[in-house]
Amino acid sequence: ADVDINTFDCTIYDESGVNVIKSFKYGERPQEAIELEAGKYLLKMISGQIPGAAFESPVYGLTEPFTIVRKQTTTLDNLVCTLQNIQATISYSADLRAALSDDTVATLSIGEASLDFIVDETRSGYFKAVNPLNDIDILVKGMYTQEGKEPAPFEFTTTIKDVKAGQYSDIQLYIEYSGEGSIALSVTIDGW
């Protein structure tokens with residue numbers, strides 16, 4: 001709802017996707033037909049630069065191949081821009097959250113880019129997909145209090161494998177069991 005499509009960058013490339021034929025903002029697109037030589041082309045639209053990692057920074061775009069045939073008009077209709085980066089959120093089960101210190105931090109990383117999610121963070125983090133399939137590394141550090149015991153430091157690591165651009169991972173941490181000894185955490189991931 002907050003995306004202004006008129007600000008999207010539109011670029012027509014030759015078939016290689018390297019040589020720029022024409023570029024414009026969607027809101028300033030030519031009202032008359034764009035004349036091109038017969039051949040194959042790519043239309044790329046994007047809402048902005050994809051940051052390595054940032055909160056609340058979705059980037060939308062598309063790449064649409066098309067062909068120009070001599071003395072015919074080609075119309076590109078129903079273009080749909082989709083999420084171009086990886087979206088992730090993290091949350092905790094109620095019993096686990098009650099046992100964690102307020103300075104608990106979950107660090108999510110893809111490649112060299114990372115974001116620190118404080119324990120009550122509700123914003124989405126967005127990451128650049130550096131490969132076709134990416135790993136989200138998760139490191140959670142903080143203090144954990146078991147009933148009747150002094151708070152103890154804990155550290156938990158796990159990895160979500162094979163995440164693609166355009167996917168959303170809703171990461172939920174919960175206590176698998178809590179007996180004598182250290183805390184054991186588990187993760188569920190709803191991915192879209």
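**Note on the predicted model: cysteines, cores and overall form**

1. Cysteine 10 is buried, its relative accessible area being 2%. Cysteine 81, by contrast, counts as partly exposed, at 22% relative accessibility. Please bear in mind throughout that this is a predicted model.

2. Which cysteine sulfur is closest to that of cysteine 10? It belongs to cysteine 81, and the distance of 7.8 Å is too far for a bond. A disulfide is a covalent bond between the sulfur atoms of two cysteines. A pair counts as one within 2.5 Å, and the structure holds 0 disulfides. Cysteine 81 is therefore in no disulfide either, with the sulfur of cysteine 10 as its nearest cysteine sulfur.

3. The chain contains 1 helix and 14 strands. Its radius of gyration is 23 Å, whereas the globule rule gives 16 Å for 192 residues, so the chain is more spread out than a compact globule. Along the principal axes, the C-alpha atoms fill a box of roughly 80 × 30 × 25 Å.

4. The largest nonpolar core has 26 residues. Which of them touch the most other members? They are Ile90, Tyr92, Leu108, Ile136, Ile138 and Val140. At least two residues of this core come from each of strand E7 (86-92), helix H1 (94-99), strand E8 (105-110), strand E9 (113-118), strand E11 (134-144), strand E12 (152-163) and strand E13 (168-177). Another core, of 10 residues, lies apart from it and includes Tyr41, Met45, Phe66 and Ile68. In soluble globular proteins, nonpolar side chains tend to be buried together.

5. Neighbours within four places in sequence aside, isoleucine 136 is in contact with Ile86, Leu108, Ser109, Ile110, Thr158, Thr159, Ile160, Val163 and Ser169.

6. For the chain as a whole, 35% of the 192 residues count as buried. The accessible surface is about 11,700 Å², and carbon and sulfur atoms hold 46% of it. Among contacts with a separation of 6 or more, 56% are between residues 24 or more positions apart.

7. How far can the coordinates be trusted? The chain averages a pLDDT of 90, and 91% of the residues score at least 70. Where pLDDT is low, the predicted coordinates should not be read in detail.

Terms used. Residues are numbered from 1 along each chain as its sequence is written. Side-chain values use heavy atoms; hydrogens and water are left out. Buried means under 20% relative accessible area, exposed over 50%, partly exposed in between (1.4 Å probe, protein chains only). A nonpolar core is a set of buried Ala, Val, Leu, Ile, Met, Phe, Trp, Tyr and Cys residues joined through side-chain atoms within 4.5 Å. Helices (H or I, at least four residues) and strands (E, at least two) are DSSP runs, numbered from the N terminus. Contact means heavy atoms within 4.5 Å. The radius of gyration is taken over C-alpha atoms; the globule rule is 2.2 Å times the number of residues to the power 0.38. Accessible areas come from the Shrake-Rupley method with a 1.4 Å probe; for residues, only the protein chains shown count as cover. pLDDT is the predictor's confidence in each residue, from 0 to 100.
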